[in-house]
Amino acid sequence: MELQEQTTLPSAQRTSSESSFLSMFRKYKLKEVFTWNLLQTIVLGQWLSVLICGTAVTSQYLAQSFSVNTPMLQSFINYVLLFLTYTFALALRKGNENILQILKAKWWKYLLLGITDVEANYMVVKAYQFTTLTSIQLLDCFVIPVLMGLSWYFLKTRYRIVHYVGVGVCLLGVGAMVGADVLSGRDQGSSSDVLLGDCLVLIGAALYGVSNVCQEYTVKNLSRVEFLGMVGMFGTLLSGIQLAILEHREVAKINWTWQVGLLFAVYALCMFGLYSFMSIIIKMTSATAVNLSLLTADLFSLFLGIFLFHCQFSVLYVVALVVIMIGFVMYNSVPTYTLAAASEPAGPGIDNPASETEEDNKQEMAIEIPPAVMDTAAAQVTTDGPGT
């Protein structure tokens, strides 16, 4: 009974604390909000944005300068790198962490995850052939509410008011970025079938949300190597089949030069780094926080595009970057909590369930083994020990 009261009391306290928006900030001093963990999360999140920027720039170079439009081939190379690195690592493990044991128990789950991840990448890239960059930037943000909804239902993650406000501020920054694109005439892309392209973006964003929630659950409860190894194996198989069916003619038309090979290599390395580092940051924070940090990727692509593709610059881009970063800091300034555990993380924005589990185990041990039993056991050891 005592333990049940300890787990139900914090939920009542949270309900009362969420009645006021300002109370969220009074609970934490500035030095408790702007911690090393938060700074590390911001820096690593922006590093992911730079990697996405690298994939966007190399893809644009391949399409514009060399007339290469093979998104599935590019994804296939990335999955092969994941397979060679993480799937082989799983093959060398022993016991229940070995790849054969994982496949026996969960092969169909990772098959569905592989399909989700491959098709999410393909649909978003395919949408560029039918709709505009502005539509893609706006509709791609659909991944944020999908992530929050799936995390709320499956991972039992609960959000405070400040988290919703932070997400809203980030989306305002995306709106400023889209407005700057329109004013500068950067509304690139096709408009041959806008409705089809917009639907592809929405479906791709929803699939990204499913994949990222599965990734968060796996890296926090099982292993990031298991997630990346299984995605690498099934992604290589599925993207290879889709590549052979849909893009075999486009691949045959490629005029292979050292420049084309270098662009493919840079794209693959950026994607490989994105998958590898993203799993680390999701384990530190959450899939929602990571995707909020990725909203700045288009801005990094623009800044490079100013020098590489002579894009026009607007002050609104700087405003959009600042607004998105403010929203990201707001979101990470106060920790989320899990309903099942009914306990708060150790620090703002960083989940730390391990320490809470250890503390709960100590409390359970203290309750399950009374002092009288310990004294009786000690006396028994004294009387029944060696030499008696």
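Q: What makes a group of nonpolar residues a surface patch in this predicted model?
A: Patches are made of residues with over 30% relative accessible area and no salt bridge, and nonpolar side chains are joined within 5 Å. In this model, Phe313, Val315, Val318, Val319, Val322 and Ile326 make such a patch, with an area of about 510 Å².

Q: Why is Val318 called partly exposed?
A: The label lies between buried, under 20%, and exposed, over 50%; because Val318 has 37% relative accessibility, it counts as partly exposed. Val318 belongs to helix H16, which covers residues 315-333.

Q: Is Ile324 to be called buried or exposed, and why?
A: Ile324, which also sits in helix H16, has a relative accessibility of 1%, and therefore counts as buried, the cut-off being under 20%.

Q: Which residues are in contact with Ile324, leaving aside its neighbours within four places in sequence?
A: With contact taken as heavy atoms within 4.5 Å, the partners of Ile324 are Cys170, Gly173, Val174, Leu292, Leu295, Thr296 and Leu299. As for Val167, its C-alpha is 8.9 Å from that of Ile324, although the two residues are 157 apart in sequence.

Q: What makes the phi of Ser67 worth a remark?
A: Most residues other than glycine have a negative phi. Ser67 is not a glycine, yet its phi is positive, at about 55 degrees; the residue comes just after H4, in the loop that leads from helix H4 (36-66) to helix H5 (71-92). Because its relative accessibility is 63%, Ser67 counts as exposed, a label that requires over 50%.

Q: Where is Lys156, and why is it called partly exposed?
A: Lys156 lies in the loop between helix H8 (143-154) and strand E1 (157-158), and it too has a positive phi, near 60 degrees, in a residue other than glycine. Its relative accessibility is 36%, so Lys156 counts as partly exposed.

Q: What is the mean pLDDT of the protein, and which elements have the lowest and highest values?
A: The mean is 78, with 74% of the residues reaching 70 or more.

Conventions:
Residues numbered from 1 in each chain as written. Predicted model: local features only at pLDDT ≥ 70, side-chain atom pairs only at ≥ 80, totals over all residues. Heavy atoms only, no water. Helix = DSSP H or I, 4+ residues; strand = E, 2+ residues; numbered from the N terminus. Buried < 20%, exposed > 50% of the residue type's maximum accessible area, 1.4 Å probe, protein only. pLDDT = per-residue confidence, 0-100. Patch = residues over 30% accessible without salt bridge, like charges linked within 9 Å, V, L, I, M, F, W, Y side chains within 5 Å. Areas by Shrake-Rupley, 256 points an atom, 1.4 Å probe, with all protein chains shown as cover. Salt bridge = Lys/Arg side-chain N within 4 Å of Asp/Glu carboxyl O.
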